[in-house]
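Take a walk through this fold.

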Amino acid sequence: MADVKKIVFTMLAFSILYPMVIAVSEDLLFINYHIHIGNHVPNDLPPGTPSLRVHCKSGDRDIGEKWMFPQEDYTWDTKINLFRTTLFSCDVFWEGKQQNFEAFNALRDEHRCRKFHNSCLWSVREDGIYSSNDNADWLNIYPW
């Protein structure tokens, strides 16, 4: 009886998951997405002193903590997993302020970030964290 339940469960799971997998365009699973976080906060610290701290990670991958200098770019690449649940969040610290934001969310970014060379563009500024689809127009998505 236990074997029949396993077989029925496997068939049911397959019948539910297979259409979801087919619905995902094959090429989306192979695209290398580039996540960029730029440091654009004012810096009145002595030259050579980093002004911003960023730590990014997903559920199974820690990109690491980085102290950033003015105009420096923190970047990494990722692909979308089969179930489109790829998610990277970042903690940003600057002059006593802290903000957590989603730097890459597969469901939100799989098409949005393809518009500019498969890049997800972020800019940390004095009043918050901005996003852009084209590196020209920026929108404050996560205010401090």
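Two strands pair if DSSP finds at least two bridges between them. Strands are DSSP runs of E, at least two residues long, and helices are runs of H or I, at least four, both numbered from the N terminus. The model is predicted: local features need pLDDT of at least 70, side-chain atom pairs count only at pLDDT 80 or more, and totals for chains, interfaces and linings use all residues. Residues are numbered from 1 along each chain as its sequence is written, and side-chain values use heavy atoms, with hydrogens and water left out.

The protein has 2 helices and 9 strands. Their order along the sequence is α-β-β-β-β-β-β-α-β-β-β.

Strand 8 (residues 128-132) pairs with strand 9 (residues 139-143) in the antiparallel sense, over 4 bridges. Ile129 faces Tyr142 of strand 9 across the pair. In this hairpin, 6 residues lie between the strands, and Asn135 takes a positive phi near 65 degrees.

Now turn to the interior. Buried means under 20% relative accessible area, with a 1.4 Å probe and protein chains only. By that cut-off, 33% of the 144 residues are buried. A nonpolar core joins buried Ala, Val, Leu, Ile, Met, Phe, Trp, Tyr and Cys residues through side-chain atoms within 4.5 Å. The largest one has 26 residues; Ile37, Val54, Trp76, Cys90, Phe101, Phe104 and Trp122 touch the most other members. Strand 5 gives the most to this core, with 4 residues.

Phe101 links these regions. Its contacts (heavy atoms within 4.5 Å) include Ile37, Cys90 and Trp122, as well as Ile129 and Tyr142, leaving aside residues up to four places away in sequence.

Notes:
Buried means under 20% relative accessible area, exposed over 50%, partly exposed in between (1.4 Å probe, protein chains only).
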